[in-house]
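Hi,

Here is the structure I promised to pass on.

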Amino acid sequence: MSSASSPTRTLPENPWPALWAMVIGFFMILVDSTIVSVATPAIRDDLATDYNSVIWVTSAYLLAYAVPLLITGRLGDRFGPKRVYLTGLVVFTASSLWCGLTDSVESLIIARVVQGFGASMMTPQTMAVITRTFPAHSRGRAMALWGATAGVATLVGPVLGGVLVDNAGWEWIFIINVPVGLVGFVLAWRLVPRLETHTHRFDWLGVALSAVAMFLIVFGIQEGERYDWGTISGWLSVPLLIATGLVVLAVFVTWQARNRSEPLVPLSLFRDRNFSVSNVAISTVSFSVTAMAFPFMLWTQTVLGYDATQAGLLFVPMALVTAAMAPMVGKMSDRLPPRRLASVGFGTSAIALLGTAWVIAPDTPLWQLLALNAVLGFGNAFLWAPLASTATRNLPLSSAGAGSGVYNTTRQVGAVLGSAAIAAAIAGRLAVHVPQATDAGQGAGAAGGSLPAQLAGPFSDAMSEAIIVPALAFVVGLVVVQFFAAPSHAAPRHAER
């Protein structure tokens, strides 16, 4: 139970300016989740390092981003979402400059860890502000903007990264965050309201258990393919890390259930069926969006011979359709049952990916790829907003940060699972179709080269079959959202029970 809270503050009559101010920072941190993948060869060459080291430039960011989300979400409840968001934005912006000025891969990895932690402070606050400033019956449109930002940002990263790397150098994928961060800070400082805070008693044991569990699980999944899901060093192995993480997670959940003071994650949140279903569903969305991009990019660069910018531009129809549909879907999510909207999203997205897997070949017409990506963008538009608004609709206001932390944690874990799963799928299908050129094919894809003509067909078959993995994840999501209950549009409760 909360012991005390700050005096109630008057909410702004129009909460939209505050949301737009925070969306700038939210967009920036999500772009940074994917933008580095395009710059990997340039960073490797410029810093004179090996591929395994440069992979950690991305892995370190994702790890530092995902692990603290449960904790940073709760910090927003305790100290106010505006204060925590601004602190995170300062950390993120300063570490972005550090990334751009570094001259060694070790320093770059450390800077990315700090940058990821700054991102983890910001993300839960964006959803918490929506939950606490928009009434439940009109929250769909706000969540549509939040969702469209999340969906479009993950697609913009490869495009923007390719343009910056090709024309300015890899350092600028980080330095560009500095002016954006400064503008975002000024706008958030002026437009985001100071909301009521709740004097929580911090569950330090819960903090420690959740951090250890998330680190072991996320690290194990993220690095599993690198170590062939086996031994890391001596007795230490990937399965041991993941198993230990799951045990610690079970201890954490048990402690949260028994903690009579104030748990880090109130398990009462999961009594709301729609909150639970939304968390599972968003993990499948994040899994699929993360997983589908890599084999598609690898195929276009390896078989079609596109460079990074050209390959990234194929995602433009997807991003444009998602952004264009977001306002309409937001309005619908305030009126229509979430099961109906999410079913359209999952079903359409699954069909689009299965269609992509079907048409991939060395001579696939460009218009087919663009059309299927546009259909995928249409499907995605029906996922982000309805899932987010349904998850937060009945959250107690005093637990808005905690609920947002849980939701964003499951979203990030879904992305990590998708990354690991697609790496395993690609390796497996290449071993079947082009075992003699697996290493060469991956190298060519990373560098934007082409395979010999006789291997283009088998390589295309391998990537086609790999894309079925994220398509099946969308099918799983379609099944999951059938368990949605019709939501209540009443205002959320103002205190935890």
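Trp229 sits in the loop between H10 and strand E1 (231-233); helices (H or I, at least four residues) and strands (E, at least two) are DSSP runs, numbered from the N terminus. Its phi is near 55°, a positive value in a residue other than glycine. Trp229 is partly exposed, with a relative accessible area of 33%. For that term, buried means under 20% relative accessible area, exposed over 50%, and partly exposed in between (1.4 Å probe, protein chains only).

Before I go on, a word on the source: this is a predicted model, where local features need pLDDT of at least 70 and side-chain atom pairs count only at pLDDT 80 or more, while totals for chains, interfaces and linings use all residues. Residues are numbered from 1 along each chain as its sequence is written, and side-chain values use heavy atoms, with hydrogens and water left out.

Ala48 also has a positive phi, of about 50°, although it is not a glycine. You'll find Ala48 in the loop between helix H2 (36-46) and helix H3 (51-66). Ala48 counts as exposed because its relative accessibility is 71%.

Now for a buried one. Thr300 belongs to helix H12 (residues 273-302), and with 0% relative accessibility it counts as buried. What is Thr300 in contact with, leaving aside its neighbours within four places in sequence? The answer is Gly305, Tyr306, Ala311 and Leu314, where contact means heavy atoms within 4.5 Å.

H12 also turns up at the second largest pocket: H12, helix H10 (204-223), helix H11 (238-258) and helix H18 (400-433) each supply at least two residues of its lining. H18 gives the most, with six residues. In total 20 residues line this pocket, and Met214, Leu249, Val406, Thr409 and Thr410 lie nearest its centre. (A pocket here is an open set of points on a 1 Å grid over the protein atoms alone, where a 1.4 Å probe fits, with protein on both sides within 12 Å along at least five of seven lines; lining residues have an atom within 4 Å of a point.)

As for the chain overall, it comes to 20 helices and two strands, and buried residues make up 59% of its 497 residues.

Cheers
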